[in-house]
Every structure is written in C-alpha cells, then in structure tokens.
Amino acid sequence: MLLVLAVLFCLFTSSTVNSDPTFQQYAELMFQFDAVFETLCLEQTNDSSKARQMVEANQALQACVNLHHDPQNFTNALDSLTPANHNAFINYNCDQFEEIKKCYHPFTRQLEVCFTGRDVSMIKTLILLEEEFAFICEKDGANIVTVQQSNYSYCAGNLKDLLHNCTTSGWAELRSKTIETMTKRDCSVFQNLASCFQENITKCGAPLFARLFGIRYHAIVKQTSCSTKTLSTDT
C-alpha cells in the first residue's frame, strides 16, 4: 500500500543538501533512505549521535511495519475480495493497522529530536499512513467495495509506467524546490501530474489505490501554499 502512495516521487534521482529540505529530499525521506535521515538530522543538530539514532529509528520502523503488512498479500486479497470475505479482510487488516500505528511512536519521538516542527509535520505526512488506515477501516470497511474486475496486483507492479505517462518538464524543476520557494506554476505541475496519475490508477483497475493516493496528495499539499480543491478523493 505504501508503494502507491510513494510512487509519485519516484522520478527524483540525485541528492542535494540545503538548509531547508527540497521536494527531492522529502521524496527520499518518504522512501525512508537512511542516508538522507542521517544527513538532514546531522545538519539540523550537529550531533552525530542523534543522527545515528534517527537512522536506527527509521530502520526499526520499517522492520516493525513489515511484521504487520505484506504488500503482495494485501494486493492479492484485494483482487480476491468478495462480499463473503469482506469482513474478514477488514478485520484482519484493521487489526494489523492498529499494530502498525504503535510502530510510529518511537520513530516520531526521534523525528522531534532531529527536525523542526514544519519538517516533522511533512515527514509524518509522507511516511505515516494513519489517514489511509482510517479511510479503509471507517464504518466497518464501508469504503472498501468489491468490483466486478480489479487488477490491484498488476497495477501495483506497473505504477512507474502509469506515472511516466503523466510526466512534464516542469516536474524536473519542482524537485529542487523547497516549500518556501514553490511557485503557482509548481503547484499546477504537481496537481496536473497527480490528477493524471490518479486517473491512470483508476483505469488500470485499482480504485482503492486511487482514493488512497488522493488522500495522501491532499495531505502533502496542505503543507504548502497550493490549493487542494482540484484533485478528487472520491474516484
């Protein structure tokens, strides 16, 4: 599930270091790259011990989440979802989501040691999936509907292709921007790419992924000066 939420940022390639994290660096944090956590924490605190502890907290979070969530099993279960097994799917996964939320606590505490309030907020938005969990589990899974034919496993394996069909030249410029330096044009590029990607996911046959992506997009954009009125969360 994390893959579909993170893949929008997969076109970021090289690494940069600024006093304020760029969107490229935020993307690398979203993929939970140890080196970026270490570099940015050291830059913020000038304390190598705190930087190492940030890396350890990041690694511990990933290990903890992996105990409770297998992406392949999740997509396979979505493809085989029926009214008869709907309750079992919701009950099992929502129980696991509650365990995953416990994994977040030590990671969040270390974030607050290393980063400023705004960066803590953005990193939590990029990595923690509490809003998505809430959407899936709301009203005993009422948002999770069975469809006549779905392709979640196929779509999950081809997300980069779905994204590449949407890319524009402005995306390369956006990756070097910080929250403070984003322009209206940057916001438009981001929104157009996100809308195209969401539509492609829906057409591919993964409507839940499209809705989860919409939730994450709105959460990210709320951290910026951009408007969130144009991307649907009701795909």
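Which pattern do the disulfides of the protein chain follow, with bonded cysteines counted along the chain? The pattern is 1-5, 2-4, 3-6, 7-11, 8-10, 9-12.

## Basis of the report

This is a predicted model, in which local features need pLDDT of at least 70 and side-chain atom pairs count only at pLDDT 80 or more, while totals for chains, interfaces and linings use all residues. Residues are numbered from 1 along each chain as its sequence is written, and side-chain values use heavy atoms, with hydrogens and water left out.

## Disulfides

The structure holds six disulfides, a disulfide being a pair of cysteine sulfur atoms within 2.5 Å. One of them joins C155 and C204, whose sulfur atoms are 2.0 Å apart. The torsion about this S-S bond is about -110°, so the disulfide of C155 and C204 is left-handed. It links distant parts of the chain, since C155 is in helix α9 and C204 is in helix α12 (residues 184–204), 49 residues apart. Helices (H or I, at least four residues) are DSSP runs, numbered from the N terminus. Both C155 and C204 are buried; buried means under 20% relative accessible area, exposed means over 50%, and partly exposed lies in between (1.4 Å probe, protein chains only).

A disulfide is also formed by C166 and C196, with their sulfur atoms 2.0 Å apart. With -75° about the S-S bond, this link of C166 and C196 is left-handed. C166 lies in the loop between α10 (159–164) and α11 (169–174), and C196 lies in helix α12, so the pair ties together parts that are 30 residues apart in sequence. C166 counts as buried because its relative accessibility is 7%, whereas C196, at 23%, is partly exposed.

C187 and C226 are joined by a disulfide with an S to S distance of 1.9 Å. Its torsion about the S-S bond is about -75°, so the disulfide of C187 and C226 is left-handed. C187 lies in helix α12 and C226 in the segment after α13 (207–221), so parts that are 39 residues apart in sequence are tied together. C187 is buried at 13% relative accessibility, and C226 is buried at 11%.

## Nonpolar core

A nonpolar core is a set of buried Ala, Val, Leu, Ile, Met, Phe, Trp, Tyr and Cys residues joined through side-chain atoms within 4.5 Å. The largest such core has 67 residues, of which F37, M54, F107 and F115 touch the most other members. Helix α6 (residues 86–114) gives the most to this core, with ten residues.

Leaving aside residues up to four places away in sequence, F107 touches F37, M54, A57, N58, L61, I127 and L128. Contact here means heavy atoms within 4.5 Å.

## Packing of α3 and α6

Helix α3 (residues 34–45) and α6 pack at an angle of about 45°, with their axes 9 Å apart. Axes are lines fitted to C-alpha atoms, for helices over the stretch in contact, and angles run from 0 to 180 degrees between N-to-C directions. The two helices α3 and α6 are therefore oblique to each other. Angles under 35 degrees count as roughly parallel, over 145 as roughly antiparallel, 65 to 115 as roughly perpendicular and the rest as oblique.

In this pairing, F37, C41, Q44 and T45 in α3 meet F107, L111, V113 and C114 in α6.

## Positive phi angles

K139 and D140 lie in the loop between α8 and α9. Phi of K139 is near 50°, a positive value in a residue other than glycine, and phi of D140, likewise positive and not in a glycine, is near 55°. K139 counts as exposed at 69% relative accessibility, and D140 counts as exposed at 65%.
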